[in-house]
Amino acid sequence: MFLLTGAGSLLASCFGACAMTACCTGTKELMKRSARMAYCLLFVLSMLLAWVLRDFAKPLMEKIPWIVSQGFPELPEEWYGKQAVYRVSMGNFLVVESYGWAARFGAGAFLVVQMLILLDFTATLNDSWVEADDERYLYLLLAATIGSYITVLAATVA
């Protein structure tokens with residue numbers, strides 16, 4: 001009976017691992033494609049906006065007080081279209097640039113938070129194992145430490 005239960009558990013674990021590997025592989029490809037599609041969609045939308053504003057920006061731009069000044073003569077209609085396209089392009093640049101800096105800061109903050117969580121977990125685990133007045137926990141702590149060092153070295157070399 002024990003062998004059948006163990007074999008069933010082993011088989012279920014193998015199927016679960018295969019399913020998770022398939023899901024993770026599919027998710028990576030989907031995320032790569034969806035990011036590319038999102039950037040492509042944003043680029044197309046900004047190009048369409050610049051194209052429309054190139055031809056129809058004069059009524060919108062005349063309502064902005066610092067664009068049209070009383071001291072200048074009547075500006076040609078092409079000037080308004082060019083200004084609108086320049087502003088859309090500058091807005092795209094600023095969004096991409098600010099996203100890059102936000103991603104850098106967010107990644108650093110994420111790493112610091114993960115490091116704090118990991119350090120808190122290991123300190124709590126260490127305290128609970130050392131406080132237990134059993135020598136087996138000290139050997140387990142030593143084995144976990146050596147295992148962690150070997151894992152890090154193997155991951156670094158590979």
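Q: What is the volume of the second largest pocket?
A: In this predicted model, the second largest pocket has a volume of about 240 Å³.

Q: What makes Tyr39, Leu42, Phe43, Ser46, Asn92, Val95, Val96 and Tyr99 the lining of the second largest pocket?
A: A lining residue has an atom within 4 Å of a pocket point, and Tyr39, Leu42, Phe43, Ser46, Asn92, Val95, Val96 and Tyr99 are the residues that line this pocket. The elements that give two or more residues to this lining are α1 (2-56) and α3.

Q: How do you know which classes the lining of the second largest pocket falls into?
A: Tyr, Leu, Phe and Val count as nonpolar, while Asp, Glu, Lys and Arg count as charged. By that division the lining of the second largest pocket has six nonpolar, two polar and no charged residues.

Q: Which residues line the largest pocket, and how much space lies in it?
A: About 300 Å³ of space lies in the largest pocket. Its lining consists of Thr122, Leu125, Asn126, Trp129, Leu141, Ala144, Thr145, Ser148, Tyr149 and Val152. Helix α4 gives the most, with six residues, and both α3 and α4 supply at least two. By class, this lining has six nonpolar, four polar and no charged residues.

Q: How do you know that α3 meets α4?
A: A contact requires heavy atoms within 4.5 Å. Asn126, Trp129 and Val130 in α3 meet Tyr137, Leu138, Leu140 and Leu141 in α4. The residues of this contact divide into six nonpolar, one polar and no charged.

Q: What angle and distance describe the axes of α3 and α4?
A: The axes of α3 (residues 77-131) and α4 (residues 135-157) come within 8 Å and cross at roughly 150°. The angle is taken between N-to-C directions and runs from 0 to 180 degrees.

Q: Why is the order of elements in the protein chain written α-α-α-α?
A: The chain has four helices and zero strands, and the elements are numbered from the N terminus, so the order from that end reads α-α-α-α.

Q: What makes a residue count as buried, and what share of the protein chain is buried?
A: Buried means under 20% relative accessible area. Buried residues make up 8% of the 158 residues in the chain. The accessible surface of the chain comes to about 13600 Å², with 74% belonging to carbon and sulfur atoms.

Q: What share of contacts between residues at least 6 apart in sequence joins residues at least 24 apart?
A: In the protein chain, that share is 39%.

Notes:
Residues numbered from 1 in each chain as written. Predicted model: local features only at pLDDT ≥ 70, side-chain atom pairs only at ≥ 80, totals over all residues. Heavy atoms only, no water. Buried < 20%, exposed > 50% of the residue type's maximum accessible area, 1.4 Å probe, protein only. Areas by Shrake-Rupley, 256 points an atom, 1.4 Å probe, with all protein chains shown as cover. 1 Å grid on protein atoms, 1.4 Å probe; cavity = no way out; pocket = protein on both sides within 12 Å on 5 of 7 lines; lining within 4 Å. Points joined across faces, edges and corners; volume = space filled by probe spheres on them.
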